[in-house]
Each structure stands twice: as structure tokens, then as C-alpha cells.
Amino acid sequence: MIARRTLLLAIISIPIFVGALDLTVVSAVLPHVIYDLEIPIQTGLDDAAWIVTGYLLAYSVAMTFMGRLSDLYGRFRVYLAALAIFAAGSYLVAVADQWPARLLLRGYYVFGEGRPDQSLFALRTLIGARMIQAFGGGAMVPVGMALIGDLYPAGHRARPLGIIAAVDTAGWVVGHLYGGILVRFFDWRMIFWLNLPVCLIAFILIFAAARVSGEARRPGRMDAWGTLMISGALVALNAGLGTGVEAGAGSQLLPPYAAPLVIAAVMLFAGFIIWERRFTDPLMPLTLFRQRNFAAASAANFLTGFSLFVAIANVPLFINTVSAQTLEQGAWDSGWMLSALTVPMALAAVPGGYIAAKMGYRFPSLLGLAAAVTGLLAMTRWEIETSYFQMTPHLLTAGIGFGILIAPIAAAVVDSAPESHRGTASALVIIFRLVGMTVGVSSLTTYGVHRMNVLSAERLPSGADLVEIVQVGMQVAVDVVGETFLIAAVVCALALAPLLLLRRLDVSGEIHGDT
Amino acid sequence: MRRSPLGWLPALLAVLLVACRGGQAPAPPPEEIVNRAVEMMSGAAGFHFSIDRSGAPAFLDANETISFRRADGVYVAPDKARATVRVIVPGIIAEVSMVAVGDRYWETNLLTREWVELPAGQAFNPADLFSAGDGLQAALKTGLTGLTYGGMVELEELPGLPLYQVSGTLDTSQLFGLTSGLIGPGAAPVQVWVHPETFETYRIVITESAGAAELEPTVWQVDFWQFGATESIDPPIP
């Protein structure tokens, strides 16, 4: 029985790892994709950012309610459906600029006139395919956790649930390196083609396991309104923060529809909270947030996700702007340089968790926060001449800091939840970090493009030739990357406030004042 | 004796065949198709166009750093045009907007997208390319030889609309000056698709053979639509 459970845990974890891998896999290869699809840098960069943001968004949205759906329709059934959606999305991403884009274009020719830009059709198809893929990938995490929760008896669930959360984190930690290495030798589409055999094997094995185990459905109702409101809030927030600004669009920061979208997001979120308090089978047990540690650690997790993903997105941008001679080299170098951030982060999570267990959450989290902020501040000083050798200690410092920081935060969230809600709490750790990441990348893309416009207009002499344009553009990009690192450092430092609220929780579950 | 109902079938098919053939007039000679298409284009108050380059790159500058990829725009007779030109700078795809009004020409900066007025003749100007007197139309009228009629052909984008297809060889030396050296000089195979009733030109494809340093030919696909469109094109406000 134990061997069977362990085997199933391994089988379920593999697609979750692949889904998480694809969260960051494009960060290193994005310039390659943009160039390959012929997306113009001035008008298309903002749209192209949705290749990343769209995945993060759909992944987070799916995580909020697909676990609950599996309560009602069966874990295996929903997990297999999510896996199939992920595989279908992967296939569509790999062929996005081929038959799906042509199909859309044909539809356009039926109703529209003229010869529209085919590259924008390819980009939109790719974004849509990435969102389908992410929906399946995101759904697998809570459903997988719930499935494991069903297999293990109460009191023995924390370890397997922790393994799934760790597998998810490991996926996005190495995604950029995986992407960078693959693009060095293959076309970027290969990243997505390779998902298909993995998904197929996992599907067959899980299908066989489902036949043996049988399906248990639970009574209850799907919280449709709650699902709609939380999904709508996340979509509106990211659309409001991250769309509509084009390079060279002058000093305008946000388009006119940004504020109404953000207001709509706030209203939907407020509506979600009110609704969840009344609904008998809520998506999110809001009572968890009454726990001081849970609420504080969730807030810190959001802020950490925001600043962490800025670093993950900025490093490839900096390298591709300043040092890479070719797109392949840019992806390769970005992958390896980002490892100086993410591998220490993964490794430092181990002592972070150990110190938290011995000394409480507050000390290691503050230590990690200090290191992460120091690393991010050091990155604000990167210049065109900064070498990889000089960048490495900054990335290492930030990576170690984030690693030490995220372990006690995750532990504080999960430990403060009662046994019956550990699975939900584990999923919420990932959700809050992902939402932070999504908000970070969408808002700072908008800010970055805006600052590019302003600084370019200030610095570029009229009648500049191409050489001057490239030189000014490169310096402006470096300065904007520095500014966004500074914002990331400030946002990360804001986590100090919730972290100071963390209290120690002993093995019995009692809370003590932390030292 | 009762006749089989199928006995009428050959006669019915024959009538249908004659009726169908009778409904479609025979195509005029290819020279006439081209001449009427040129006249139609020259007399149009304006039209929308897209120019798409595939195959070997065509550079816009002497240093061969910026290559032309695509242009979309509108031409208003006799001398106005507005277009967005997509260019490939090493590692980056960028867009440049341009406006031509009479002898004056404006272009946006690659980075800031601010409008800059440039001396006439310094850059690729679609208003010159489609000028009725000495533009593409004149090049087609005088420089196109060896014409053959390829039948009624549908474009992938316009299913259900058969167009005359004419092939020939174009002396692109006239286009060399009109496109700031992007196309030509030399003889290049050309295909033209023309509407059988309105004689509107739907597409021109020019295939330039690969040069010594190139592995593949450069293919120019020029599409036209909305003949008669007259949009207001004014000098941009810097």
C-alpha cells in the first residue's frame, strides 16, 4: 500500500513539475520567440509580455477553484482532464504560428478586409495556447494535492503535500535553465513538443491507477459565483496593470481603461470575500486568515513573489540587451546566470526550513529578507560594462535570501492551518506567490515601457543615426532595468511589516511570541 | 413504352455545360488584362496596400543593418501616402511609420517614435512607388514582357473569388529607384492577379533571383484592396 502511494505520488508529481517548468521556461527564450514571430518591439512588446503573464494568470486562476471541482467530480477524473488540457495547450503552443494562426486568419478574411498582420495573429494564438496550457498545469497542483490528501491518512499528509509544493517550486526554479539549454540546440517549439510524451505516459499511468482506485465523489455545491468573482478579479487586475502601453507612446503611463479595470478588480475581490463568508461550501476557507501567522505569511508571500519574479524577468532582459550577440546565446547565458539566483534559492530553502523549525519563523525570514533586499539593491547598479562575474555575487546573495525567506513563510502558512485545511493552505502558499509574480511582471512591464519612452525622448538627439539610437536605447534599457530592481527591492522590504507579526508555533500548534 | 427518366440526363448536362460556358466570357489577352489593370490603378483616387518581403533580406541602408520586412499603408492620388514599415535590425523587429505629402516626407524614430522630417528621396516612399505617372503602374505597362495567361485562380485569402492570373518578366530597373534600391535592378519573374470585372489588381508577386551571397530568392508580394479609398493624409504633428 505504501509503495503504491509513493508510486502514485511520483506519477502525479511529474506533470506538475512539467507544468511549473513552463511557468518560467519562456523567460529565457522570450526574445527568441518575439523575434521568431516578428513581433515589433515598440507596439508588440506589451502584448508579448502576455506570453509570460497569461501563463501565470491562468495558472493562478485554475489553482483557485479546480481543487474544489475535483471534490465534486472526482480527483482522478479532474486530474486527467487537467493533464489533457495541459497537453493540448502544449501542442497548440508548439504549432501556434502554423495552422491555428492560419485558421484565425481565415476567419478574419471571411469578415474583415485587407491583409492583416499575420505575426499578431500568431502572437495572439500563442498567448491563448499558453493560457490553455497554464489552466491545465495550474489545475494539476491543487487536484494533485487533494488526490494525495485522499490517499494518505490524516496526520501523514504534510510530507507528501510538501513534496508536491516542492516539486512545483523546483519546476519554475529550473524552467529558465531548461529553456536556455534547449534553445541552444533546438527550435524553441521543442520545449513544448517534449511535454507531449511526458503527458501521454503520465496520462496512461494515472488512468490505470484511477481504474484500480475508483472514484469517490463528495456531496456539496460548486461555488460558481465565488469562482467567477475571484477569476474576474485576477484577470481584471492584471489586464488593468499590464496592458495597453506601447513603446514610443509618449509620457502616458496607463491607458484610460486601466483605472476602471483595477477598480473592477477591487470590487470583484470585495464581492468574493463577502460571498465566501456566506456560502456553505466556500472555495477558500476565509477563517484561515483570522490566524495571524497565516495572514501575515500570505502577505509576505505575495510581496516576495512580486520581487522574485522581477529578478527572474529582468536578468534575461538585461543580458539580451547588453551582452548577448545572438538570441541563442542570450537564452543560454540567461539560463545559466539565472541559475545563480534560483539554484541557491532552492538550496537555501533547506536551512531556512531547518532554522525555522529550531528558532521560529521570524529570525530566518528576516535574515532572508535582508539578504534578498541587499542582492536586489546591488543589481540596481548593473551597467553596460558589468560582467557576468560581477553579476554573480549579487544574484547569489538575492537567491540565498529568497531561499531562506520562502521556507519559513510557507511553513508559517501551512502550520497555522488545521489538519483539515492543510491541502488548501499548501495551495494558497503557491497561489499568493503566483499572484504576486503576476502582478509584479504585468505592472513592471507597463512601468518599464513607460520609462523607456520617457528616458528615450529625453536623451535621444533629434536626427540621431542608427548607431546613436542603439547606444541610447541600450543605456536606457539598462537604467530602466535598474529602476525596476529598485522597485523590487522596495516591495521586498515591505514584507518586513508582515514578517514582524509572525509568531512562533510549537509542535503542539500553540503560538508563542517569537524572539 | 415509357422512357427512362435518366434518358434526359445527357441533354440536361449538355444544356448546363453550354449555359455555364456562356456565363463566363473568355479571358482577354494577357496584355489587355495588364493594361486595363494598370489603367484602373492609375485612375483610382486611392487604395490600401501591403508589401511583404520574404526570402533573402533587402536592406534599407548602405551598411546592411536594417532590412525591410513588410509595409502596410494607404496611398491617395496623386502624391500622398501613409504606411507602417516593419524592419529587422539585428536581433530586433521594429516598426517605422511614414507619411508622404507632396515633396515632403516624415518618418518616426526607431526608438522614440517621434516624427522627423527627412529630405525627399532619402528613404523608401510608397507615394513615389504608386505614383500614377511614373510609379509601379508605369513599370508594369512598359517593363513587363513575355506575358502568359495562367487561368482563373483563387487566392487563399479570398476563397470563392476567381481572378485572372498573368505571368511575365519585369524589368525592375524602374522600381530600383522608386524603392530606394530595395527591388531590382534586373529582370524578374512576375505574377499578377486581376479581378475579371473591375480589373482591380489584387496581388503582384515579384521574385528576384538569389544573388551570389544569397541562398534563396527575394520574393515581394504586393497586395491591394479598397480601390477608390480616399483617406485624409496630413503632415504629422511632431
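How many residues of chain B are in contact with chain A, and how many of chain A do they meet? The close-ups below start there, and they all come from a predicted model.

**View 1. Where chain B touches chain A.** On the chain B side 23 residues are in contact, and they meet 22 residues of chain A. Look for β1 (46-55), β5 (92-101) and β12 (218-225) of chain B, the elements that each give two or more residues to this side. The top contributor is β5(B), with four residues. Sorted by class, chain B's side comes out as nine nonpolar, seven polar and seven charged residues.

**View 2. Helices α2 and α4 of chain B, packed together.** Here α2 (residues 30-43) and α4 (residues 136-143) of chain B pack at about 160 degrees, and their axes are 9 Å apart. An angle over 145 degrees counts as roughly antiparallel, so that's what α2(B) and α4(B) are to each other. Their crossing is left-handed. From α2(B) come B:Val34, B:Asn35, B:Val38, B:Met41 and B:Ser42, which meet B:Gln137, B:Leu140 and B:Lys141 of α4(B). That contact splits into four nonpolar residues, three polar and one charged.

**View 3. Helix α14 of chain A and its packing partners.** Spanning residues 362-379, α14(A) has 18 residues and reaches 26 Å from first C-alpha to last, close to the expected 26 Å. Its buried residues include A:Arg362, A:Pro364, A:Gly368, A:Leu369, A:Val373, A:Leu376 and A:Met379. What do the buried residues of α14(A) pack against? The partners are α12 (292-322), α13 (327-359), α15 (388-416), α17 (466-494) and α18 (496-500), again of chain A.

Definitions and conventions: Residues are numbered from 1 along each chain as its sequence is written. Chains are lettered from A and ligands numbered from 1 in the order in which they are written. This is a predicted model: local features need pLDDT of at least 70, side-chain atom pairs count only at pLDDT 80 or more; totals for chains, interfaces and linings use all residues. The expected span of a helix is 1.5 Å times one less than its number of residues. A residue is buried if 20 or more other C-beta atoms lie within 10 Å of its own, exposed if 12 or fewer, and partly exposed in between; C-beta atoms are placed from the backbone. Two residues are in contact if their C-beta atoms, placed from the backbone, lie within 7 Å. Axes are lines fitted to C-alpha atoms, for helices over the stretch in contact, and angles run from 0 to 180 degrees between N-to-C directions. Angles under 35 degrees count as roughly parallel, over 145 as roughly antiparallel, 65 to 115 as roughly perpendicular and the rest as oblique. A crossing is left-handed if the near helix is turned anticlockwise from the far one by less than a right angle, and right-handed if clockwise. Ala, Val, Leu, Ile, Met, Phe, Trp, Tyr, Cys and Pro count as nonpolar, Asp, Glu, Lys and Arg as charged, and the others, Gly among them, as polar.
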